[in-house]
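Hi,

Here is the model I said I'd pass on.

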Amino acid sequence: MKDSNIIEAQRQIDSAILANYKVEWLISDKSAVEQLKKLFEKNNIKIEIKFFPE
């Protein structure tokens, strides 16, 4: 079963392509940023992950 983050990322990418947009996720947890970057890289997901402190 696919990770829910991968499913959501792919859904957003599919929508963004139609509008010629890039997808960017702003994450407030530094460890989550690194985990998502690794997950997306491993699964060839082209979303920019940025740390955004609250």
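Helix α1 goes past helix α2 in a right-handed crossing. Keep in mind that this is a predicted model. On the α1 side, the residues making the contact are Asn5, Ile6 and Ala9, and on the α2 side they are Leu36, Leu39 and Phe40. Sorted by class, that contact comes to 5 nonpolar residues and 1 polar one, with no charged residues.

As for the geometry, two packed helices are described by the angle between their axes and the distance between the axes. Here α1 covers residues 4-19 and α2 covers residues 30-42; their axes come within 11 Å and cross at roughly 70°. Angles of 65 to 115 degrees count as roughly perpendicular, so α1 and α2 are roughly perpendicular to each other.

Leu39 sits in α2, and it is one of the residues in the contact with α1. Asp3 and Leu39 are 36 residues apart along the chain, yet their C-alpha atoms are separated by 9.4 Å.

Now the strands. How do β1 and β2 pair? They run in the parallel sense, with 4 bridges between β1 (residues 24-27) and β2 (residues 48-51). If you want a residue pair to look for, Glu24 has Glu48 in β2 as its bridge partner. To get from β1 to β2 the chain goes through α2, and this β-α-β crossover is right-handed.

Past β2, look for Phe52, which lies in the segment after that strand. Which residues does Phe52 contact, once its neighbours within four places in sequence are set aside? Those are Leu26, Ile27 and Ser28; Leu26 and Ile27 fall within the residue range of β1, 24-27. For another pair, take Phe52 and Asn20: these are 32 residues apart along the chain, and their C-alpha atoms are separated by 24 Å.

Stepping back to the whole chain, the secondary structure amounts to 2 helices and 2 strands. Along the sequence they come in the pattern α-β-α-β. Taken along the principal axes, the C-alpha atoms fill a box of roughly 30 × 25 × 15 Å.

That's what I have so far.

Cheers

Definitions and conventions: Residues numbered from 1 in each chain as written. Predicted model: local features only at pLDDT ≥ 70, side-chain atom pairs only at ≥ 80, totals over all residues. Heavy atoms only, no water. Axes fitted to C-alpha atoms, helices over the stretch in contact; angles between N-to-C directions. Parallel < 35°, antiparallel > 145°, perpendicular 65-115°, else oblique. Left-handed = near helix turned anticlockwise from the far one by under 90°. Contact = heavy atoms within 4.5 Å. Nonpolar A, V, L, I, M, F, W, Y, C, P; charged D, E, K, R; others polar. Pairing = 2+ DSSP bridges. Right-handed = clockwise from strand over helix to strand, strands pointing away.
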